[in-house]
Amino acid sequence: MRLKGKVALVTGGNKGIGAAVVRRFASEGAKVWSGDILTDKTNELSDNLANDKGNIFHETLDVTSLTSWEILINKIVDETGKIDILINNAGIYERRSIEETTEEQFDKMLAVNTKGPFIGIKLALDALKASGNASIVNLSSTAGLRGSFAVHYGASKGALRLMTKSIASKYAKDGIRCNSVHPGPIDTEMGHTAVPPDQLRDRLYERIPMGRFGTAEEVANVILFLASDESSFVTGSEVVVDGGATSK
Ligand SMILES: NC(=O)c1ccc[n+]([C@@H]2O[C@H](COP(=O)([O-])OP(=O)(O)OC[C@H]3O[C@@H](n4cnc5c(N)ncnc54)[C@H](O)[C@@H]3O)[C@@H](O)[C@H]2O)c1
């Protein structure tokens with residue numbers, strides 16, 4: 001059990017990559033809270049609730065709301081006294097060029113993808129310090145490493161990449177590590193929105209050396225490593241999970 005005794009909070013854990021992380025963490029012995037704006041539990045998570053002996057908890061969280069974060073973090077700390085693992089996974093995507101993006105759409109993108117992790121880390125700091133051995137993983141994207149079509153999405157993920165490094169250097173002495181993960185196209189609802197199944201997808205397959213989408217589980221495996229003590233000397237780093245797409 002690679003996460004035995006650990007307390008984890010995963011944002012956006014009701015579906016896609018987040019749900020795979022929640023599943024994986026619970027199977028490795030962690031007590032896992034999924035904080036998601038989706039109030040109805042999707043089958044992905046409900047199945048786990050039945051299977052994981054009460055180690056998975058579902059709570060409502062809107063990552064753009066400070067009050068919402070406060071309520072959830074207080075609840076976890078009241079019950080466990082600490083948070084060992086914070087996975088800032090909740091995110092949104094829109095396939096829009098800059099010409100098609102309004103100011104409101106830009107603000108919303110940044111609010112969810114960048115301000116959300118900022119508030120979460122800020123409010124969880126005491127609980128993470130209480131762990132003594134904490135790990136934060138921020139879900140950025142390959143769009144946070146190089147230019148891409150959706151300018152507002154790329155901006156939100158590029159900012160998150162650098163926020164990760166700032167947190168890593170500031171809080172290393174407090175026993176908090178912080179790393180970012182940069183997936184390429186992954187087989188989730190968001191991945192299918194980003195790359196619709198038409199000629200675009202064929203072109204994309206040609207650009208990815210491994211010639212396929214990744215799975216949510218393949219991303220969850222990397223997040224598990226960064227969340228666990230196996231990565232104890234890894235902080236401020238960025239791990240790309242993209243089948244080789246950014247290697248060329
Ligand atoms: N799927 C991909 O191809 C891909 C590629 C690169 C990066 N990513 C990143 O990985 C993360 C997960 O992506 P995914 O593919 O699983 O997406 P998804 O759309 O399948 O799931 C996203 C989850 O986040 C939740 N969420 C959205 N807004 C929220 C809010 N305000 N507060 C709380 N929860 C909220 C949703 O309800 C959902 O459960 C995202 O940050 C995404 O940007 C995904």
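Modeller: Of the 248 residues of the protein chain, 44% count as buried (20 or more other C-beta atoms within 10 Å of a residue's own, against 12 or fewer for exposed and partly exposed in between, with C-beta atoms placed from the backbone). This is a predicted model, in which local features need pLDDT of at least 70 and side-chain atom pairs count only at pLDDT 80 or more, while totals for chains, interfaces and linings use all residues. Residues are numbered from 1 along each chain as its sequence is written.

Colleague: What is the radius of gyration of the protein chain?

Modeller: The secondary structure comes to 8 helices and 7 strands, counted as DSSP runs numbered from the N terminus (H or I, at least four residues, for helices; E, at least two, for strands). The globule rule, 2.2 Å times the number of residues to the power 0.38, is set against a radius taken over C-alpha atoms. That rule gives 18 Å for 248 residues, and the chain is close to it, so it is as compact as a globular protein of that length, with a radius of gyration of 17 Å.

Colleague: Which residues of H3 are buried?

Modeller: An α-helix has 3.6 residues a turn, so residues three or four places apart point the same way. On the other side of H3, Thr67, Glu70, Asn74 and Asp78 are exposed. The buried residues of H3 are Trp69, Leu72, Ile73 and Ile76.

Colleague: Which elements do the buried residues of H3 pack against?

Modeller: Contact here means that the C-beta atoms of two residues, placed from the backbone, lie within 7 Å. By that test, the buried residues of H3 pack against helix H4 (103–131) and against strands E1 (7–11), E2 (31–36) and E3 (56–60).

Colleague: Is Ser135 buried or exposed?

Modeller: Ser135 is found in strand E5 (residues 134–139). Leaving aside its neighbours within four places in sequence, Ser135 is in contact with Ile85, Arg177, Leu226 and Ala227. With 28 other C-beta atoms within 10 Å, Ser135 is buried.

Colleague: Which helix gives the most to the shell around the ligand?

Modeller: Of the 30 residues around the ligand, Gly12, Gly16, Gly91, Thr188 and Gly191 come nearest. The elements that give two or more residues to that shell are helix H1 (16–27) and helix H6 (189–194). The most, 4 residues, comes from H6.

Conventions:
A residue is near a molecule or strand if its C-beta atom, placed from the backbone, lies within 6 Å of it.
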